[in-house]
Amino acid sequence: MNVPDVKESYITTYSEYKRAAEETAILQDEMGNAWRGYCGYAQRWRERADCSPRRSPGHRAYALQQCDLWKSLADYAKVEFTKVLGDEFVWNEAEAGPTED
């Protein structure tokens, strides 16, 4: 191997490393966005269930069912994403809003 080949190999390897680091950061952001999105949908369905007393009990039951669905998706995503991201990843619970019953 001559010097130009070593330089080319180093540059290629370093570029691949930088791309992988960038993709990892993007993926971590997307995982957080997915979780926040699920929490947001749960909150919206909770509000639909709570704010409309003139609707039938069936409408309220459906809204609560949807709230529960999105909350369980958020909980599942958080558990699974934490396995990948580790405990050091900060989940911004305040930003997601309350979704408790």
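**Notebook: tyrosines, helix 2 and cysteines**

I looked up Y10 and found it exposed, at 55% relative accessibility (exposed is over 50%, buried under 20% and partly exposed in between, with a 1.4 Å probe and protein chains only). The model is predicted, so I note that local features need pLDDT of at least 70 and side-chain atom pairs pLDDT 80 or more, while totals for chains, interfaces and linings use all residues. Residues are numbered from 1 along each chain as its sequence is written, and side-chain values use heavy atoms, without hydrogens or water.

**Aromatic pairs**

I searched for aromatic pairs and found 5 in the structure.

I then checked where the two sit: Y10 and Y14 are 4 residues apart in helix 1, about one helical turn. Helices are DSSP runs (H or I, at least four residues), numbered from the N terminus. An α-helix has 3.6 residues a turn, so residues three or four places apart point the same way. Y14 is partly exposed, at 41% relative accessibility.

I also looked up W45 and Y62, an edge-to-face pair with 5.6 Å between centres and 80 degrees between planes. This pair links distant parts of the chain, with W45 in helix 1 and Y62 in helix 2, 17 residues apart. W45 is buried at 17% relative accessible area, whereas Y62 is partly exposed at 44%.

**Tyrosine cluster**

I found that Y10, Y14 and Y17 form one aromatic cluster. Y17 lies in helix 1, residues 3–50, and is exposed at 55%.

**Helix 2**

I read helix 2 as residues 57–85, which is 29 residues. Its first and last C-alpha are 41 Å apart, close to the 42 Å expected at 1.5 Å a residue (the expected span is 1.5 Å times one less than the number of residues). I listed its buried residues, among them C67, W70 and F81. G86 follows helix 2 and has a positive phi, near 90 degrees.

**Cysteines**

How many disulfides does a search of the whole structure find? I got 0, where a disulfide is a pair of cysteine sulfur atoms within 2.5 Å. C39 is buried at 6% relative accessibility, and C67 is buried at 2%.

Conventions. Phe/Tyr/Trp six-rings, centres within 6.5 Å; stacked < 30°, edge-to-face > 60°.
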